[in-house]
Amino acid sequence: MKPMSEEMNKDVQENPETEETTQDTEEIKDVEKETEKAEEESVEEAAEPIAGNEESKEDKKAAKKKLKADKKQDALKEKIDELEDRVKRQMAEFDNFRKRTDKEKNAMFETGAKSVIEKILPVVDNFERGLATVPEEEKGSPFAEGMEMIYKQLMSELEKMEVKPIPAVGEEFNPDFHNAVMQVESDEYESGVIAQELQKGYTYRDSVVRHSMVAVVS
């Protein structure tokens, strides 16, 4: 079927004298052009939502992918934080264990050292008693001088081990360091002051190995 415009053109050619028909033909052509243009615009408008839907699908897909990546990143960070916390806890536990072990080792060492020192102190006492009984005229003899040298060497070694005698005579009585076995009268010292040392006491570092046996002014 031929378009209406072609038929009208044929009629115009057959009847050139009819001007009104020619004008009608031109108007029909214009209407056809406008119709075609309207149809093209309609097709384009109909295609736009489809393109928009495709873009929307791509955006949703990208958003889901990003959300999945974010969740994976959050899970990874949470796992790293958990591992770091576990490592810190283990390090703290190990540090506490090391400190506790060092403390126990020191306590065991001090206990052993005290036990040895307690056995040596009677030897020191005997040295002092022996030197105290040397007659005045024999103090310059080789034997007496040799005993004196051995005693000084022994005391020097004990001092290097942080073993020190406890001050007694002239000091105020302190039950943490002194053991009062008797009371005496004294014009030289006031009441509560140690007037006589009966047995020397010793400390090892910050602890007492043996209390001093003393007589205190009443």
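Visitor: What makes two residues count as being in contact?

Guide: Contact means heavy atoms within 4.5 Å, and by that criterion Val163 touches Ile117, Leu158, Tyr202, Thr203 and Tyr204, leaving aside residues up to four places away in sequence. This is a predicted model, in which local features need pLDDT of at least 70 and side-chain atom pairs count only at pLDDT 80 or more, while totals for chains, interfaces and linings use all residues. Residues are numbered from 1 along each chain as its sequence is written, and side-chain values use heavy atoms, with hydrogens and water left out.

Visitor: Why is Val214 called buried?

Guide: Buried means under 20% relative accessible area, exposed over 50% and partly exposed in between (1.4 Å probe, protein chains only); Val214 has a relative accessible area of 0%, and is therefore buried.

Visitor: Where does Val214 lie?

Guide: Val214 belongs to strand E6, residues 212–217, where helices (H or I, at least four residues) and strands (E, at least two) are DSSP runs, numbered from the N terminus. Five of the six residues of E6 are buried.

Visitor: What joins strand E3 to E6?

Guide: Four bridges link E3 (residues 194–199) with E6 in the antiparallel sense, and Gln199 has Met213 as its bridge partner in E6.

Key:
Two strands pair if DSSP finds at least two bridges between them.
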